[in-house]
Amino acid sequence: MAAAAGPPEVQSIVSRSVRAQNIVPRLQHGRYTGHGPTRVSQIPDSLLRERDKTAKWNGIPHLVQKLYTNSQPNNEGLLLCHGILKEIAPLLSMEAMAFVTEDGKGAQESKFPNTHVFDLFGGVDLLVEILMRPTLAPQKKKQKMNEDLIKDCLSILYNTCICMLPDLSFASSLFLFGVLLKMWYRHLRSNNSYQQTDGVTKRLSERNDFVLFLFTLMTNKKTFLQTATLIEDILGVKKEMIQLEDIPNLANLVASFDQQQLANFCRILSVTISELDTGNDDKHTLLAKNAQQKKSAGPSRAEINQVTLLNIPGFIERLCKLATRKVSETTGTSNFLQELEEWYAWLDNALVLDALMHMATEEPDQSSSTESADESVLAASQLRSRLPQSMKIMHEIMYKVEVLYVLCVLLMGRQRNQVHKMLAEFRLIPGLNNLFDKLIWRKHSTNHVLHGQNQICDCSPEISLKIQFLRLLQSFSDHHENRYLLLNSQELNELGAISLKANIPEVEAVVNTDRTLICDGKKGLLTRLLQVMKKEPAESSFRFWQARAVESFLRGVTSYADQMFLLKRGLLEHILFCIIDSECKSRDVLQSYFDLLGELMKFNIDAFKRFNKYVNTEEKFQIFLNQINSSLVDSNMLVRCIVLSLDRFESQTDAVKVAEVISQCCLLSYISRVENRLSFLFRLINIIQVQTLTQENVSCLNTSLVILMLARRKGKLPFYLNALREKEHCEKYPGFLLNNFHSLLRFWQEHYLNKDKDSTCLENSSCISFSYWKETVSLLLCPDQTSPCAIISYIDEVYMNIDKDFTED
């Protein structure tokens, strides 16, 4: 046996312990414990070759050993390294091709797939070491790495991490191969049949120095794509979010990006500014969220990263330009649509497309030989001929999806007002309005049934763009005066005319809207959205996002003019048609329509008249009630609206007119009956518990409180509490309902009386001062058993369990 390379003590260890049959376990043991060989350079070359023949390692350990030997920081060694990498790269690509062509059989038959062998013998760690070596050298002796060497190192690391794409820098014929590999990899990961590469990605993610170093490589346009791809995968598995402020010279890095690179960079940013999802449903409860907030004294990393981005000069302005950049369409409409659908069937990954676009547009490397330069020109020319105009448009669509997502996240952050001011100043809304017909909603997508808002969806780029666009409008309009930028000048004048006719003051936010920043053209963005909303197919889940976006325009202090603006455009009739005539079955869509209907009708007697005109038969009304009762969690906001509106109408001076309207409106007449309000109250309290409260169903608790607050105003609170007690006994569950309600109200105090909690939404949605909310809850929780308004007075002592601790450990 040949002598082992390395120091005498290492030779001794190898000669005694390493045998041909146990190289792998010894390497694995060494890497975990530090005892024994930890890298391929400590194993004799002759032994590697001997074992290679039986294990079928395809010479990879020998190549890694050569790479280690020649990876010294000198020109000759680095040139040799580049040649060795060119030998290694096809081996990893060939293995990936075997997975595709043999449906994964090759990987299952081989005990050590090439990517695993490459990593096992230290290939991954060695490439990281080669890439980072210049950063470890003294400043005066730093040596510039060859761009092609960096590119190949990154490509092999990427291949090893995900076993997906070969190096796309040569041969446009690899296009189909790359797409197949993408599809194959997604299939394997979804079936958990190939997990070893996740370990490589995770290990790289734990090296913060390497992750931050990768960002420095993004300044080079030639290696940008490989770097961005690798960073995206690493951050996707990283447990702890990186701090953007730790990236060296971040502002200069972003400033160096062209528009295409900046859009690509947004894919990376989206991981760093979004709160991490634990994937555990229990963690989404309000109890768990409150407990987490108590543990986290300061802002989260995602919030800190958002501030870091906003402090980069010109960053938001550039994103607005990207989001509103126009795309030329030179192909005929019919051919274009057919062509686009065909490409959707094959390509759903922006990085693959980006690589192809980069190849088609980049100039050949002048430093290469004449022959290789000619090959590059030929490859680019072939690729250009294969890239249809529709593909170029899809390229733009994919980037807009990423940009809109980043803007949406920033709009929902703590710096919301600052972001709003910037988006208005840089005319994001009128820019999107100009793109609406030509790019955002130029056609209806066919054969697409989308998932709900909380489900993972592998959608086409065009569908993703529409969803992100609607989410952005929702975030932009929600409880903010800038929502009126969604209108044009004529539509703003219409709001003023509605207020004048109704003899009510014009909304201050409308008066203060800067008309140089609103939509131009014949229609504003809100009007365009209403038009496509009414044409949306019945089975489309776009309905959910459209309704959410329109509802957000109405949120805040109720505006009669805003409601009438939408009522005049037939929105109420459209919603009722979807709920009653089409008998919508989607829970998500129904919830969004109930919420929108509530905001549209609240305190608006004209809206209730329109409702009664549409729901003009008992059959229609019963269908409507059945939809409400089928899921009270989804419809409770509408119930709250009806109860509040009835109370407002009954308190108006013209009692005769109000009584006439109530008697003629089936909905108001139904809710005016005490037994029906009590039925809603009982069910609202019964379907929630403290341990199951989420942001979605906590509204049931607030709706039940609204019913009791209105009863308190009329001196009927004891009557309602006694009715709950009787209902308990009737259902043969004495004490259960009132004990549960007592616990819910105690949680309400902890949750809503938190100094960081914004209570204005409760005031705006109910037009009841928050002080009255607090007083009512305190009255209900009063410990005095003689108080007629205290819950404790209605629970028999034998069933009393009000001191039970509902908090989680």
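Is leucine 439 buried or exposed? Leucine 439 counts as buried, at 2% relative accessibility. Buried means under 20% relative accessible area, exposed over 50%, and partly exposed in between (1.4 Å probe, protein chains only).

## Basis of the model

This is a predicted model: local features need pLDDT of at least 70, side-chain atom pairs count only at pLDDT 80 or more, and totals for chains, interfaces and linings use all residues. Residues are numbered from 1 along each chain as its sequence is written, and side-chain values use heavy atoms, with hydrogens and water left out.

## Leucine 439

Leucine 439 is found in helix 24 (residues 428-440). Helices (H or I, at least four residues) are DSSP runs, numbered from the N terminus. Leucine 439 touches Val327, Ile393, Ile397, Lys400 and Leu465, leaving aside residues up to four places away in sequence. Contact means heavy atoms within 4.5 Å.

Lysine 326 is 113 residues from leucine 439 in sequence. In space, the two are 8.3 Å apart, C-alpha to C-alpha.

## Serine 499

Serine 499 lies in helix 26 (residues 489-501). Serine 499 is buried, with a relative accessible area of 2%. Not counting residues up to four places away in sequence, serine 499 touches Ile504, Pro505, Glu506 and Ala561.

## Helices 4 and 8

Helix 4 (residues 60-69) packs against helix 8 (residues 123-136) at an angle of about 25°, with the axes 10 Å apart. That makes helix 4 roughly parallel to helix 8. Axes are lines fitted to C-alpha atoms, for helices over the stretch in contact, and angles run from 0 to 180 degrees between N-to-C directions. Angles under 35 degrees count as roughly parallel, over 145 as roughly antiparallel, 65 to 115 as roughly perpendicular and the rest as oblique.

Val64, Leu67 and Tyr68 of helix 4 make the contact with Gly123, Leu126, Leu127 and Ile130 of helix 8.

## Helix 18

Eight of the ten residues of helix 18 (residues 315-324) are buried, so the helix is largely enclosed by the rest of the structure. The buried residues are Phe315, Ile316, Arg318, Leu319, Cys320, Leu322, Ala323 and Thr324.

## Cysteines

A search of the whole structure finds zero disulfides. A disulfide is a pair of cysteine sulfur atoms within 2.5 Å. For cysteine 666, the closest cysteine sulfur is in cysteine 665, 5.3 Å away and too far for a bond.

Cysteine 789 is in no disulfide either. Its nearest cysteine sulfur, that of cysteine 782, is 9.2 Å away. Cysteine 789 is buried, with a relative accessible area of 17%.

Terms used: Helices (H or I, at least four residues) and strands (E, at least two) are DSSP runs, numbered from the N terminus.
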